[in-house]
Amino acid sequence: MEAVTLITGGSSGIGAATARALLRQGHRVAITGRDADRLDAFAASTGAGERLLTIAGDAGDEGHVAAAVRQVAGLWGRLDNVIANAGFSLPGTLEDHDPAAMRAMVLTNVLGPALLVRETLPHLRESKGRIVIVGSVAGTRNTPGNLYSVTKWAAHALAENVRLLVAKDRVGVTLIAPGVVDTPFWDERGGSPATAPTLTAEQIAETILFAVNQPEGVDVNHLVVRPTGQAN
């Protein structure tokens, strides 16, 4: 039976690259995102037909997350993997962030993965599935006033917290901590990583697949992936 994977923030960047890789591997894939037009464009570009489900919604909204999980499980009857990928950063430091934007980032980057885990655990316990949380090197390597680092530090803590919760159920939990990746993520920060060593979204997708594809009984818990030349 084809595996079913749900990815938040799946219409671009790491999420989209992971969706493509999983589709090539034979998964049925559901992706969520805030922009319905971007989701539609991504779906059209894959040619995956009924093997790809797109769901517009906010990864930090409990109603949207619960509805997405119900839709996936109702359509395909199972859920084998969930990838908490949705997230964003803000330009500048917490001294000049807009408080409403700060709240939105915390909800997406911290509450979002927690809600996804909460809603999917019943299905993953049944399938003995896997959870992947996309963190960041920034989650352990702080820079001055970087609230994004705070949210990713929390995501790293969530991964270990969840691992302890579900180890007895034989559900796998993996934290992926990328270094600098050249994706549209940087558009929201108002800049580009072009002058620094970078990874591609496809390279991080391959790392995610490495975790997802481990044989039964093997759980890879923490993977840090930097481009060669990134010192921090």
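Start with Glu119 and Arg118, which form a salt bridge in this predicted model. The closest N and O atoms of that pair are 2.7 Å apart. Arg118 has a relative accessible area of 60%, so Arg118 counts as exposed. As for the background, side chains of opposite charge can pair when their charged atoms come close.

How many salt bridges does a search of the whole structure find? The search turns up seven. One of them joins Glu160 to Arg163, with 2.8 Å between the closest N and O atoms. Both Glu160 and Arg163 sit in helix α5, which covers residues 147–166, and they are three residues apart, about one turn of the helix. An α-helix has 3.6 residues a turn, so residues three or four places apart point the same way. Glu160 has a relative accessibility of 37% and therefore counts as partly exposed. Arg163, at 24%, is partly exposed as well.

While you're on helix α5, have a look at Ala157, which is also placed there. Ala157 comes out as partly exposed because its relative accessibility is 41%. In sequence, Ala157 and Gly135 are 22 residues apart, and their C-alpha atoms are 9.8 Å apart in space.

Next comes the salt bridge between Lys168 and Asp169, where the closest N and O atoms are 3.7 Å apart. Are these two residues buried or exposed? Lys168 is exposed, because its relative accessible area is 63%. Asp169 has a relative accessibility of 17%, which is under the 20% cut-off, so Asp169 counts as buried. Elsewhere, salt bridges link Glu2, Arg28 and Arg51 in a network.

Now for the empty spaces. Rolling a probe the size of a water molecule over the atoms shows where empty space is left. Searching the whole structure this way gives three cavities of 30 Å³ or more. The largest cavity has a volume of about 80 Å³. Its lining includes Leu6, Thr8, Thr32, Asp58, His64 and Leu116. Strand β3 (52–56) and helix α3 (62–76) each supply at least two residues of that lining, and α3 gives the most, with three. Sorted by class, the lining of the largest cavity has seven nonpolar, four polar and one charged residues.

The second largest cavity has a volume of about 40 Å³. Among the residues that line this second cavity are Thr8, Ala59, Asn85, Thr108, Pro113 and Leu116. Which helix gives the most to the lining of the second largest cavity? That is α4 (residues 99–127), with four residues. The lining of the second largest cavity divides into five nonpolar residues, four polar and no charged.

Let's turn from cavities to a pocket. The second largest pocket has a volume of about 450 Å³, and 23 residues line it. Lys128, Gly129, Arg130, Arg170 and Glu216 are the lining residues nearest the centre of this pocket. By class, the lining of the second largest pocket holds eight nonpolar, seven polar and eight charged residues.

Arg130 leads on to Gln214: once neighbours within four places in sequence are set aside, Gln214 is in contact with Arg130 and Val220. Gln214 belongs to the loop between α7 (201–212) and β7 (222–225). Although Gln214 sits in a loop, its relative accessibility is 18%, so Gln214 counts as buried. What does the side chain of Gln214 reach? It reaches the backbone oxygen of Phe210, at 2.9 Å.

To finish, look at the two ends of helix α2, which runs over residues 36–46. At the start of α2, a side-chain oxygen of Asp35 comes to within 3.0 Å of the backbone nitrogen of Asp37. After α2 comes Gly47, with a positive phi near 65°.

Terms used
Residues numbered from 1 in each chain as written. Predicted model: local features only at pLDDT ≥ 70, side-chain atom pairs only at ≥ 80, totals over all residues. Heavy atoms only, no water. Polar contact = N/O pair within 3.5 Å; in protein donor to acceptor, adjacent residues only side chain to side chain. 1 Å grid on protein atoms, 1.4 Å probe; cavity = no way out; pocket = protein on both sides within 12 Å on 5 of 7 lines; lining within 4 Å. Points joined across faces, edges and corners; volume = space filled by probe spheres on them. Nonpolar A, V, L, I, M, F, W, Y, C, P; charged D, E, K, R; others polar. Buried < 20%, exposed > 50% of the residue type's maximum accessible area, 1.4 Å probe, protein only. Contact = heavy atoms within 4.5 Å. Salt bridge = Lys/Arg side-chain N within 4 Å of Asp/Glu carboxyl O.
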